[in-house]
Amino acid sequence: MSRFENKIKVWDIPTRLFHWFLVILVIVGLVTGFVSPEWWMGIHIWAGYGTVLLIVFRLLWGIFGSEYSRIETFSFSYREVITHLRELIFLRPLHYIGHNPAGAMMIFALIFILLGITISGLVVLGGEENQGPLAGVVSYRIGDMTGDIHEAMVFVLMALIALHILGVIIESFLTRENLVKSMIDGNKILPAGKTAPAKRPARPWAAVISLLGFAGVIGAVLWTLSTIPPSGVIALKSNSNYTSECGDCHEVYHPSLLPKASWQKLMAELSDHFGEDASLEPEIATNIATYLETYASEAWDTEASNRFAKISSNAPFQISATAYWKRKHSEISADVFKRTAVGGKSHCASCHLDAATGHFDDQNIKIPK
Amino acid sequence: MKPHNKTIAIASIVILFGGISSSMVAANSTRNAIIKDFASQAGVPLSADRGKALFESRAGGGKPDTPSCTTCHGASAMSTGKTRAGKQIEPMAVSKTPVRFTELKKVKKWFRRNCKSVLGRECTPQEKGDFLTFMSSQ
């Protein structure tokens, strides 16, 4: 840096904190979404809520923040963006004190895609998992479909992040200014001969009050939605015959885990039940069969009822033979199933603490040692 | 503690234990009735020793997975067993599991299923009676 150059404070503390907190939450979201075990889903969800709050804050700070945090200072015209990109191609970009046009476009793209990811995430949570404020509003099918969109947008996000980092590196190199350092200490170079423009101060109270107002309104809406009971979940009365007769030998499986036709076939073939004679008195068998068929997967709209409805054709009532079951347990080694505390593939409740309710929430998985 | 409360406490303890012991007496009498019925069908005196031998034998004739009662019920009448699906089975010995053999329906159901699994045939009334006599003595 030559002695003719001065440094001025460009990024205020809230903008910098926003940036790095967002970095942390995005990393947490990616790790808990792709890498970590299913039972970290709770953290994934909170990373999503945190991201929304951060973005809403940033938008408000774009109105009430100090000079260079304001959106209007980086709302460039189409012509300015094109000019800047052309300069970049010729490796001679003009130096901007605040965000440059390419950076500004990236900010808008990132905010847009992150809002898309978090909102779609909430839809997936409500539809597929029957959790969160939209559990009573979104069907499984909509949630499942939105899941694909959620994931596709995450891939777009990762591409944008790569481009963002690449852009920062290239611009830092071309303008001889460490932009990463700027986002840490808030200072940027004021080119020689330029005078610092008049800066409008931040209005933090206006920002805080708007943020609280927003959080209050959205919170109230989500809270109201969350009072609607989860869709596709019915009140299941327990059947003492089912609990005692079937539960004498094995886990009392939730009726929603098999389709009606499978329960029918299973109950008709009790004399050879997985190699065991499990025959019952006719009136008890009829009572249990009616119960299971009434509450079979068709009566529900949960993740488990939808997934396990796709039975394996050569083992129509073996849940662990379905393609879905195998895929979800592919990373569980055979040794885990052999553990005494687990007791084999037929023991859902050993690891799925809520197996008896038919929920099978990701957060309720705990593999015993 | 007020004397009044003390009386209530003693009374509830008496009722509780009285209830437990009287229900055990009732359980014993239903079990004895079931055994007596098998004895009369068998027409010969029942033997706990034959019952023990039956429980521990590996006679064959049943399913290869279940060659003996002990496959699932554990080595002795006093031990805890495990179903093929992994569920725990309480000991068969009446001293360990007092509710054993007090419900005719259950007794019939399990003899029907398990004799077929282990022996490949129905058990005779004498075998059933011997088995229950042995388990009651344990």
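The domain assignment of chain A gives two parts, domain 1 covering 6-226 and domain 2 covering 240-364; such bounds come from an automatic or database domain assignment. What you see is a predicted model, in which local features need pLDDT of at least 70 and side-chain atom pairs count only at pLDDT 80 or more, while totals for chains, interfaces and linings use all residues. Residues are numbered from 1 along each chain as its sequence is written, and chains are lettered from A and ligands numbered from 1 in the order in which they are written.

Back to the domains. The centres of domain 1 and domain 2 of chain A, taken over C-alpha atoms, are 45 Å apart. Their contact takes 10 residues from domain 1 and seven residues from domain 2, where contact between two residues means that their C-beta atoms, placed from the backbone, lie within 7 Å. On the domain 1 side, the touching residues divide into three nonpolar, four polar and three charged. For that count, Ala, Val, Leu, Ile, Met, Phe, Trp, Tyr, Cys and Pro are nonpolar, Asp, Glu, Lys and Arg are charged, and the others, Gly among them, are polar.

Now the overall dimensions of chain A. Its C-alpha trace spans about 95 × 40 × 35 Å along the principal axes. The radius of gyration of chain A is 28 Å, whereas a compact globule of 369 residues would have one near 21 Å. That radius is taken over C-alpha atoms, and the globule rule is 2.2 Å times the number of residues to the power 0.38. Of the 369 residues in chain A, 27% are buried. Buried means that 20 or more other C-beta atoms lie within 10 Å of the residue's own, exposed means 12 or fewer, and partly exposed is in between, with C-beta atoms placed from the backbone. Among contacts in chain A between residues at least 6 apart in sequence, 66% join residues at least 24 apart.

Secondary structure next. Chain A has 14 helices and two strands; these are DSSP runs numbered from the N terminus, H or I of at least four residues for helices and E of at least two for strands.

Helix α2 (residues 41-64) and helix α7 (residues 204-226) of chain A pack at an angle of about 145°, with their axes 9 Å apart. The axes are lines fitted to C-alpha atoms, for helices over the stretch in contact, and angles run from 0 to 180 degrees between N-to-C directions. From α2(A) the contact uses Val56(A), Phe57(A), Leu60(A), Trp61(A) and Phe64(A), and from α7(A) it uses Ala206(A), Ala207(A), Ser210(A), Leu211(A) and Phe214(A). By class, the residues of this contact are nine nonpolar, one polar and no charged.

Which residues does Leu114(A) touch, leaving aside those up to four places away in sequence? They are Thr51(A), Ile55(A) and Leu157(A). Leu114(A) is in helix α4 (residues 101-127) of chain A, and it counts as buried because 24 other C-beta atoms lie within 10 Å. Its C-alpha atom is 7.9 Å from that of Val52(A), 62 residues away along the chain.

Most residues other than glycine have a negative phi. Asn130(A), not a glycine, has a positive phi of about 55°. Asn130(A) is buried, with 25 C-beta neighbours inside 10 Å. Phe360(A) also has a positive phi, near 55°. Phe360(A) sits in the segment after α14 (348-351) of chain A and is buried, since 23 other C-beta atoms lie within 10 Å.

In that segment after α14 there is also Asn364(A). Is Asn364(A) buried or partly exposed? Asn364(A) is partly exposed, because it has 17 C-beta neighbours inside 10 Å. Not counting residues up to four places away in sequence, Asn364(A) touches His352(A), Leu353(A) and Asp354(A). The C-alpha atoms of Asn364(A) and His352(A) are separated by 5.9 Å, at 12 residues apart along the chain.

Pro255(A) is in the loop between α8 (240-247) and α9 (260-268) of chain A, and it is buried, with 23 C-beta neighbours inside 10 Å. Beyond four places in sequence, Pro255(A) touches Leu292(A), Tyr295(A) and Ala296(A).

Last, chain B. In its contact with chain A, 10 residues of chain B meet 10 residues of chain A. The chain B side divides into one nonpolar, three polar and six charged.
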